[in-house]
Every structure is written in C-alpha cells, then in structure tokens.
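Take a look at the chain below. We will walk through it one piece at a time.

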Amino acid sequence: MKIALVSPLGAERFFEFGLFEDIESRLHRHLCFLMEEMEWMPNLGLLSIAACLPGDIEIEYIDEEYLSPEERAAFPDRADFDLVAMSLINAQASRGYELADLFRSRGIPVALGGIHPTACPEEALQHADYILLGEGEEIFPQFVNDFISGLPKNIYRSEKMVDLTVLPPPRFDLMKPYIDKFNRYPVQATRGCPRRCDFCFIHELYGPIHRHKTVEQVINEIKIIKEMVDDPFISFADENMFINRKFGKELIRELIPLNIVWEGYCDISIARDPELLDLLRKSGCATMLIGLESLDAESLSSLNIWKGKQVENYRESVKTIQDHGIGVTGLFIVGFDGDDHSVFRRIKKFADETQLFDIEVSSLCPFPGTKFWDRMESEGRILTRNWDRFTWIHVNFRTSKMTPDEVLEGLLWLFREMTDIEVLKRRTGHFHEVFKRHFKKLGIAPKKVEHKAGLPF
Ligand code: B12
Ligand code: SF4
C-alpha cells in the first residue's frame, strides 16, 4: 500500500504583481535577506497525519511548490500510488481539484482534507472519492484502515478535539527530499484560540479551547529537526501561542538550552507579562507575529470585542515588547468598512514611529466557513469564488469606502514602502543581533534560494 501525500501549488507569492522585479534594483544587497525572510517550509498538516498511520504503509510526501517545472508536469502521470491524499487551504483548492481530477481520471482514488474541504465539503466531494473534515490525526488512520479493508466511507468528520498529548511527532523524515529548500521548520505546540475573530477559520477548525502538547513532546520534535538540519529556524505554527501562560513559559524555558532561533504567533497581551518577555528573549525568539489587524477601534471591535479594547495601548505595547529585544511583526488587515485611503499611510506612520520590526498587511479576506463570509454573502458582497484569489493581496468582496483596485494599489504601495532600504537595514540589523546573541555568529548566512521555479532572478 503506497499513499502520496500531496500539498498542491498555492496561488501565492507576489510574482503576478511584479513586486520583486520592482524592488530588485533598489535592494540588490538585501535581496538575499528578503528571500530568507520569505517563508519556505513543509506542510505540517501532512507530516502530522502521516505520523498516525501504521509503519508498514509506504508514504511519499509531494510538495508541489518545491518541484521543478518538469517534475511538476510529470508527477500527475505517476501510477505507483494506491491512494492520493491532499491537503488544501483555500488558495490551494483550484490546483488541488485539477490534480484530483487528473488522478481520478486514471483510476487512482483521491482523498481531500484540510481547511478548504472542511469549509466547503460539497464542492470538495465533486473532485474527490473521499473527504476528511477537521483535524486529521484520528480520522485519517480510520479512513486508511477502512480503505484497506475495502469499506471506506465517502465522508469522515473529526467529531471531537484531538488529544494533543498522545500524538507522535510529525514525520519530519518525509521532508528529506526537499530539506535544502526550506528555510523554516514548523512545530506546533498548541491548538485553539478563544478570541473568535470574525474572519478567522482557525478557531472554527480547532475550536475555542486552547490545548497543548506536553513540553517534552515539543522539545523532542525540535530535537528531531535539529538532527536533520544545522541551526534550524523554528516557526511555531500555533495560531496564538501564549493563551495558556503557564504552559507557554514552561515551554520556552526549555527552549533556552536548545540554542535555536524561532518565531511564533501570539496576541498583544504578551506586552503585559515582563517575565514572559524575558524568557522569549533568552529562548531565541527573533520575532513574534502579532495580529494588530487595525488601528481603528471600531473596525477591531467589529472583529472581536477583546481586540477592540487593545488598540489604545498598541504603541506602548510594541515598545515594551521590542525593548525586550523581540521584534514585533505587526499583522494588519485593510478593507474594513471604516477604512478609507488614509489607512495605508496611517499604518506606515505607525510602523515608522514605533520602529516596528516588520509588518505584513493583507486585504481582509472572506474565508469560507467564517462569520465574515456569512455576513458578506448575506449582504451580496462576495465578488468571486475563484480560490486562486484567496491570498493576502486580492480583494474578494465589495469594500465600502474604497474600490477593490484602490485597496490593491494601497497594499502594493505599502509593500514597496516597507521594503525601503532603510527599513530593511533596520530589520536585518535586528536579525543579526538575535543570531549573534544565540549562536555567537557574525550575522546570518542566508541560504541561496535558487529552487523556486519562476523567480525573476
Ligand atoms: C505555516 C503557514 C503558512 C506557511 C506554510 C504553509 C504550508 N506549506 O503548510 C506559508 C508561510 C508558506 C503560508 C502561506 C500562505 N498562507 Co498560511 N498559514 C500557516 C499557518 C501559520 C500554520 C499552518 C500549519 O502548519 N498548521 C498546523 C497543521 C498541523 O495544521 P493544518 O495544516 O490545519 O492540518 C490539520 C488539519 O487541517 C487536517 N488536515 C490538513 N490537511 C489534511 C489532509 C488530509 C488528507 C487530512 C485527512 C487532514 C488534513 O489535519 C491536520 C492535523 O490536525 C496557518 C495558521 C494556523 N495557525 O494554522 C496559516 C494559514 C493556513 N495560511 C493562510 C493563508 C491565507 C496563506 C496564504 C494564502 C497567504 C498569502 N501569502 O496570501 C499563503 C498560501 C500558501 C499556499 N501554499 O498557497 C490561512 C488560510 C485561510 C484559509 N481559509 O484558507 C491560514 C489559516 C492563516 C489565516 N490567515 O487564517 N502559510
Ligand atoms: S486571535 Fe488570531 S487565531 Fe485567535 S481567533 Fe483571532 S485571528 Fe484567529
């Protein structure tokens, strides 16, 4: 029995908008850094579900994003799999369906799982023999068992939250064929977020209750990665890492002796916990990615009441966190009903004045399955169901005070501003500091990333 676990090419990266061509000449010196900053990593969902299958099942992990154009063209013709199982977020759905149709036309059964099929099961079932909804660790082995015994169902749904403390480590060994192509290695310590933001599907998938693995499990996972990669940059995939402060502190205390550099996602409340901030610095945290979302309290409250109350302290909070040596990557969203043309300059001003380590600005996206999608749908404001457009930069619903093109122009302007040479120097400087502190090296040695088909340099 051989299963192909496939992560299809997503409709992302900025090539469509020529952003890299545009900044290349200005930023030649810093381009390596910029490439290093882009995140190349394996699909942790697939590595995690693979670990739950019995050892006698042969598994091949195929990550389409890292295949050469020739390999990409050839692999749908392969006939050496008994089953193809794919993981799809919205932005991977179109390509995923195309691949599923190709495999099925040649008689190879296809199972689809992940965020997109979970949010759009009827649609996914039109392209698959089986769909697996929700967390995969329990339903995937059940399904494979049924498949082998010849009695598989069409739909499997994860009915209860998976107990993370009993999970085996993800099958990191499966990433070996691609290992040199990644610059980050994902680890997940916790799942679930109680904040319930309107636009977020993650709390629909994992639920509002924060669950966690044991500290030993997480440390073991990092050690496995360290055996495979020198000085790995660990990227925690947790949606909101420090909801449970006690566990969070226990975990990062144990990261200190590992001498790693890492990043993770959390909310702004960490600014009020100096002990946590000290531990973060000591443990090698380079940056925390924090959902600031908007500078406008009303927009924030429309998403989530808790977030609405935080905005008045944003400046002070960013300063406190960065004074502890942790770069804040502020995650912003534009396109709220209250946003007009001034929103882009206000974000830029905030980033400059707070010396924000980095920002990532996305267009507000109505991800299917979220409350925000339902609201936009009921108001007749959804503009497209072309899943290729469900990325950070496309505008998929009728915005209120700006046209979708104006939102796009503003986003592109901000991206260019934030890749200004002085801004990049500041960011590079911070990374050098972190790396020096933890590895006593004189700065980072970015891997040259040459594997990306279609890169303009
Ligand atoms: C790491 C990450 C990335 C990485 C790597 C992605 C990768 N190759 O896996 C990078 C930085 C490249 C990335 C890029 C993007 N990302 Co991203 N990313 C994440 C992040 C932070 C963690 C994902 C993760 O590893 N989770 C941990 C694993 C264990 O969970 P999981 O994948 O959900 O898998 C579980 C279940 O879903 C299920 N499952 C998954 N697949 C399958 C398959 C089968 C067969 C079965 C049975 C079960 C199953 O079982 C797993 C275990 O329970 C999430 C947010 C989050 N906290 O989850 C956003 C997230 C997935 N990304 C998101 C987005 C929007 C993007 C981009 C489109 C952004 C952009 N640039 O425009 C791109 C698109 C990338 C692409 N491939 O097309 C959204 C997706 C929203 C949606 N509804 O689709 C998320 C949820 C963040 C958000 N804003 O809400 N991303
Ligand atoms: S705080 Fe982040 S992970 Fe939690 S619900 Fe809001 S957007 Fe989702």
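Predicted model: local features only at pLDDT ≥ 70, side-chain atom pairs only at ≥ 80, totals over all residues.

Start with one pair of residues: Leu5 has Ala85, in strand S3, as its bridge partner. Strand S1 covers residues 2-7. It runs parallel to S3, and 4 bridges join the two.

Now widen the view. S1 and S3 belong to an open sheet of 6 strands. Read across the sheet, the order is S2-S1-S3-S4-S5-S6. The pairing is parallel. What stands at the edges? Strand S2 (58-63) and strand S6 (155-157) do. Each has a single partner strand, so one side of each is left without a neighbour in the sheet. From one strand to the next, the twist averages 20°.

Helices lie across this sheet. Helix H5, residues 93-105, lies across S1, S3 and S4. Its direction is at about 160° to S4. Helix H8 lies across S3, S4, strand S5 (130-133) and S6. H8 runs at about 155° to S5.

Next, turn to ligand 1. There are 38 residues around ligand 1. Which come nearest? They are Gly10, Gly45, Ser87, Gly113 and Gly136. Several elements each supply at least two residues of the shell, among them strand S3 (83-87), strand S4 (110-113) and helix H8 (136-148). Helix H6 (115-119) and helix H9 (202-206) are also included. The largest share, 4 residues, comes from H3, a helix that spans 44-50. By class, the shell has 19 nonpolar, 14 polar and 5 charged residues.

Why does ligand 1 lie between two domains? Domain 1 (2-157) and domain 2 (183-442) both give residues to the shell, so ligand 1 lies between them.

Ligand 2 has its own surroundings. Among the residues around it are Cys193, Cys197, Cys200 and His203. Arg195, Arg196, Glu239 and Asp267 also surround ligand 2. By class, this shell divides into 4 nonpolar, 3 polar and 4 charged residues.

Finish at Pro208. This residue lies in the loop between H9 and strand S9 (211-212). Is Pro208 buried or exposed? Pro208 has 12 C-beta neighbours inside 10 Å, so Pro208 counts as exposed. Pro208 still has contacts. Leaving out residues up to four places away in sequence, Pro208 touches Gly192, Cys193, Pro194, Arg196 and His203. Gly192 is 16 residues from Pro208 along the chain, yet their C-alpha atoms are separated by 5.1 Å.

Terms used. Residues numbered from 1 in each chain as written. Chains lettered and ligands numbered in written order. Near = placed C-beta within 6 Å. Nonpolar A, V, L, I, M, F, W, Y, C, P; charged D, E, K, R; others polar. Domains from an automatic or database assignment. Pairing = 2+ DSSP bridges. Axes fitted to C-alpha atoms, helices over the stretch in contact; angles between N-to-C directions. Contact = placed C-beta atoms within 7 Å. Buried ≥ 20, exposed ≤ 12 C-beta atoms within 10 Å, placed from the backbone.
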